[in-house]
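Morning, everyone. Please have the model open on your screens, and follow along as I go.

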Amino acid sequence: MMAGLYDRMGSIPTAQLRRIAHIWCVVAGTLFLAYLARQLRQGMTDGAGHPFGEDFLNFWSGAHLAVTGQAGIIYDLAAFHAFETGIAGAPIDLYHYSYPPVMWLISAPFGLMPYPLAWAAWQLLGWGAFALAVRRLAPVQWLLIALAVPAVFINAMGGQNGCWTAAIIGWGLILLRERPAVAGMILALFVVKPQLGWLIPLALLAGRQYRALGAFIGTALALTLTTLPLFGIDAWIAYVQQGSLLKSVILEHGDGTWHRMLSIFVLVRHGGAPIPLAYAAQAIASLTVALLVLRVWRREGPTARAKALLVLGVLAGSLYVSDYDCVMALLAGLWLGPQATAGLRGRMVLLLTMPLFAAPLALMSGVALGALALWPALLGAGLQRAPYLADDGLR
C-alpha cells in the first residue's frame with residue numbers, strides 16, 4: 001500500500017506497487033466518505049454517541065473555548081461534555097480534553113472557524129504538511145506515498161493529530177543540518193505531547209546539536225510562559241489534576257482505549273499484570289529505547305539512520321502512544337532507504353501496515369499486540385551496522 005516506500009525497499013515491482021496503492025486509496029477514500037455520512041445521521045453524530053470528526057471535536061472545542069474567554073470549563077468534564085453535546089446537536093459519549101494549555105495557543109486559529117470548516121482545515125493542512133515532508137525524502141511518487149500509508153486513514157477517521165506530529169518531527173529533522181535553530185523551534189511543538197517528545201531533546205544533546213537544542217528549550221519555555229498571562233496558573237493546575245484522573249481511567253484501567261494503544265505498559269497491563277509491574281516494564285522499555293537512540297546519535301550525529309531511529313524511538317518509548325501516531329513511521333522507512341537489509345524491510349512493512357489490524361486484533365484476542373510491531377523495527381534499525389546510512393537521507 002505504501003507505493004514508493006516498498007519500491008525503495010526493493011521488493012515489489014513499481015507497477016504492481018502503484019496498482020496496490022491506487023486500489024487502496026480508492027477503498028480507503030470510499031470507506032472514509034461512508035464513515036462521514038454515517039456521522040450525520042442525528043445532528044452531527046452517528047446516533048450512537050460518536051460526533052462528526054470524532055476526536056477533533058475536542059481539539060476544536062478547547063481552542064474555541066480558549067479564544068472566546070471560556071477556558072475555565074475545558075478541564076471540567078461535565079461542563080466540557082455539555083458544550084460538546086451542544087455542538088454535536090445530539091447525545092454523544094463522554095469526550096475529554098487531555099492536552100496542556102499550550103495547545104490552546106497552537107490550535108487557536110481553528111477555534112476561530114466554524115466547526116465543519118475547522119475540521120476540513122485540520123485534516124487537509126495536517127496531511128499537507130506531512131506530505132511535503134515526504135516529498136523532501138521521496139520526490140518521486142511522494143503524493144501517492146503520503147496518501148497511501150494506512151495510518152493516515154486511521155488518523156483521518158479519528159480526527160486525530162497524527163499527521164501534524166509526523167509533520168513536526170519530519171520537518172524538524174529534515175531542517176536540522178541546514179537550519180538548526182528553526183528545526184529546534186519546530187520540534188519544540190512537541191510540548192503539547194510530552195509523552196512523545198521527551199526523547200527529542202536527549203537525542204539533540206547526544207548528537208551535539210546545541211543550536212537546535214537551545215531553540216527547542218527556548219521555544220518550549222516561551223510557549224509555556226505565554227499561557228500564564230493569558231490563562232493563568234489555574235489552567236495548568238486543572239490540567240495536572242485532569243491528567244491524573246485520565247491516567248487512572250484511560251491508561252491504567254483501559255476504559256475503551258487499550259485496543260488502540262501500542263505501549264509496552266498497555267501490552268503488559270492488557271495481559272492481566274498489576275499496575276506496578278506494567279510501569280516497571282514500561283520503564284525498562286523506555287530506558288532501552290533511550291540508550292539505543294542516544295548511542296547512535298552520539299556516534300553518528302543526525303544521520304539518516306539516527307533520524308529514523310529517533311522516530312521509531314518516539315513511538316516505542318512512549319507510555320501513551322496510539323495507532324494514529326504511527327503516521328510518522330513512514331518517515332523512518334524513507335530515511336532507512338532502499339539499502340536496508342531484507343529483514344529490516346520486512347519489519348518496516350509490518351509496522352506500516354499494523355495500524356490497520358492492531359485494534360481489531362486486540363478486540364478479538366483481548367490483548368493489545370500492536371507494540372510487537374514497533375520493537376522489531378526499532379531494534380533492527382538500531383543494531384544494524386550500515387555505513388551507507390551515514391548520509392543525510394534526502395533524495
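Let me start with a question: is Glu300 buried, partly exposed or exposed? Glu300 is partly exposed, because its relative accessible area is 27%. Here are the cut-offs: buried means under 20% relative accessible area, exposed means over 50%, and partly exposed is in between, with a 1.4 Å probe and protein chains only.

Some ground rules. This is a predicted model, where local features need pLDDT of at least 70 and side-chain atom pairs count only at pLDDT 80 or more, while totals for chains, interfaces and linings use all residues. Residues are numbered from 1 along each chain as its sequence is written, and side-chain values use heavy atoms, with hydrogens and water left out.

Back to Glu300. Its side chain meets that of Arg305 in a salt bridge, 2.4 Å from N to O. Arg305 is buried, because its relative accessible area is 8%. By salt bridge I mean a side-chain nitrogen of Lys or Arg within 4 Å of a carboxyl oxygen of Asp or Glu. The general idea is simple: side chains of opposite charge can pair when their charged atoms come close.

How many salt bridges does the structure hold? Five. Another one joins the side chains of Lys247 and Glu252, at 3.0 Å from N to O. Lys247 is partly exposed, at 36% relative accessibility. Glu252 is buried, at 9%.

Now take Arg136 and Glu178. They form a salt bridge too, and the closest N and O atoms are 3.3 Å apart. This pair links distant parts of the chain: Arg136 is in helix H7, Glu178 is in the loop between H10 and helix H11 (180–187), and they are 42 residues apart. A word on the labels: helices (H or I, at least four residues) and strands (E, at least two) are DSSP runs, numbered from the N terminus. Arg136 counts as partly exposed, at 28% relative accessibility. Glu178 counts as partly exposed as well, at 48%.

On to the rings. The structure holds 20 aromatic pairs. Rings of Phe, Tyr and Trp (its six-membered ring) pair if their centres lie within 6.5 Å; planes under 30 degrees apart are stacked, over 60 edge-to-face, and the rest tilted. One of the pairs is Trp24 with Phe153: edge-to-face, 5.5 Å centre to centre, 80° between the planes. Trp24 lies in helix H2 and Phe153 in helix H9, so this pair ties together parts that are 129 residues apart in sequence. Both Trp24 and Phe153 are buried.

Next, Phe59 and Tyr99. Their ring centres are 5.2 Å apart and their planes are at 50°, so this pair is tilted. Phe59 sits in helix H3 (residues 56–67), and Tyr99 in the loop between helix H4 (77–88) and helix H5 (102–106), 40 residues away. Phe59 is buried, at 3% relative accessibility. Tyr99 is buried too, at 10%.

Now the second largest pocket. A pocket is an open set of points on a 1 Å grid over the protein atoms alone, where a 1.4 Å probe fits, with protein on both sides within 12 Å along at least five of seven lines; lining residues have an atom within 4 Å of a point. This pocket holds about 420 Å³ of space. Which residues lie nearest its centre? Phe32, Gln123, Leu147, Val152 and Ala156, out of a lining of 21 residues. Helices H2 (14–38), H7 (115–137), H9 (150–158) and H10 (162–174) each supply at least two lining residues. H7 gives the most, with seven. By class, the lining has 16 nonpolar, five polar and no charged residues.

Last stop: helix H19 (residues 329–336). Eight of its eight residues are buried, so H19 is largely enclosed by the rest of the structure. Trp335 is among them. After H19 comes Gly337, with a positive phi near 80°. Ser318 sits in the loop between helix H18 (304–316) and H19. Ser318 is buried, at 0% relative accessibility. Its C-alpha atom is 9.0 Å from that of Leu199, which is 119 residues away along the chain.

Technical notes:
Points joined across faces, edges and corners; volume = space filled by probe spheres on them. Nonpolar A, V, L, I, M, F, W, Y, C, P; charged D, E, K, R; others polar.
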